[in-house]
Amino acid sequence: MPDEDYMIPLGKAEILREGNDVTVVGWGGQLRVLEKACDMAERERGVSCEIIDLRTILPWDVDCVVESVSKTGKLVVSHEAPITCGVGAEIVATVQEQCFLSLQAPIRRVCGYDTPFPLVYEKFYVPDELKNLAAIIDVVEYAQ
């Protein structure tokens, strides 16, 4: 965090890491988890992940995500909310419409469960690096 005041442009994502094998999209606290998962994927399997921080989810940067998925052919979206009716579903629907002919594997969502959020069991509910790593490996190996 910068010490001085700053502004984040609405609807403008940031590419945190360039990659060629799979696009990984997240925001907020989930980004630390995604960076760990992508580090593990690179170390263990040589997978090059492009990590995109949406920064804002309404509006969200459709162009940035579509351009990245058109390049990699694969997408993993991760967030802490339940999988049903989460923002990830909107991202997946939009990317599928705009990148259908570029997709090399089914899009994967790594999200919370469709249950009330159990605070005492947060570490089991919130997607961790291992769940994200499994999704990354699944989409990369699907296309091989």
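This is a predicted model: local features need pLDDT of at least 70, side-chain atom pairs count only at pLDDT 80 or more; totals for chains, interfaces and linings use all residues.
Local features were taken only where pLDDT is at least 70 and side-chain atom pairs only at pLDDT 80 or more, whereas totals for chains, interfaces and linings use all residues. Residues are numbered from 1 along each chain as its sequence is written, and side-chain values rest on heavy atoms, with hydrogens and water left out.

Helices (H or I, at least four residues) and strands (E, at least two) are DSSP runs numbered from the N terminus, and two strands are taken to pair if DSSP finds at least two bridges between them. On this basis, five strands form an open sheet of mixed pairing, in the order 1-3-2-4-5. Strand 1 (14-17) and strand 5 (108-112) stand at the edges with a single partner strand each, so one side of each is left without a neighbour in the sheet. From one strand to the next the twist averages 25°, where axes are lines fitted to C-alpha atoms, for helices over the stretch in contact, and angles between N-to-C directions run from 0 to 180 degrees.

Strand 2 and strand 3 run parallel and are joined by five bridges, with valine 24 standing opposite isoleucine 51 of strand 3. Strand 4 (residues 75-82) and strand 5 also run parallel, and four bridges join them; serine 78 has valine 110 in strand 5 as its bridge partner.

Helix 1 (residues 30-45) touches strand 1, strand 2 (22-26), strand 3 (49-53) and strand 4, and its direction makes about 175° with that of strand 3. Helix 3 (residues 87-99) packs on the sheet through strand 4 and strand 5, its direction making about 155° with that of strand 4.

Burial was assigned from relative accessible area, with buried meaning under 20%, exposed over 50% and partly exposed in between (1.4 Å probe, protein chains only). In a regular strand the side chains alternate between the two faces of the sheet. Both faces of strand 2 are covered, with Val22, Val24 and Gly26 buried on one side and Thr23 and Val25 buried on the other. In helix 2 (62-72), the buried residues are Cys64, Val65, Val66, Ser68, Val69 and Thr72, and the buried residues of this helix pack against strand 1, strand 2, strand 3, strand 4 and helix 3. Glycine 73, which follows helix 2, has a positive phi near 80°.

Side chains of opposite charge can pair when their charged atoms come close. Seven salt bridges are present in the structure, each defined by a side-chain nitrogen of Lys or Arg within 4 Å of a carboxyl oxygen of Asp or Glu. Glutamate 50 and lysine 71 meet in one of these, at 2.5 Å from N to O, and the pair links distant parts of the chain, with glutamate 50 in strand 3 and lysine 71 in helix 2, 21 residues apart. Glutamate 50 is buried at a relative accessible area of 2%, whereas lysine 71 is partly exposed at 41%. Both residues belong to a network of salt bridges that links Glu18, Glu50 and Lys71.

A salt bridge at 2.7 Å (N to O) also forms between arginine 17 and aspartate 39. Arginine 17 lies in strand 1 and aspartate 39 in helix 1, so the pair ties together parts that are 22 residues apart in sequence. Arginine 17 is partly exposed at 23% relative accessibility, as is aspartate 39 with a relative accessible area of 32%. Glutamate 14 and arginine 55 likewise meet in a salt bridge, at 3.7 Å from N to O, which links strand 1 to the loop between strand 3 and helix 2 across 41 residues. Glutamate 14 is partly exposed, with a relative accessible area of 34%.

Several backbone features lie in loops. Arginine 55 has a positive phi of about 65° although it is not a glycine, and the loop in which arginine 55 lies, between strand 3 and helix 2, also holds proline 59. The peptide bond from leucine 58 to proline 59 is cis, with omega near 5°. Cysteine 85, in the loop between strand 4 and helix 3, likewise shows a positive phi, near 65°, and is exposed at a relative accessible area of 77%.

Note on methods. Contact means heavy atoms within 4.5 Å.
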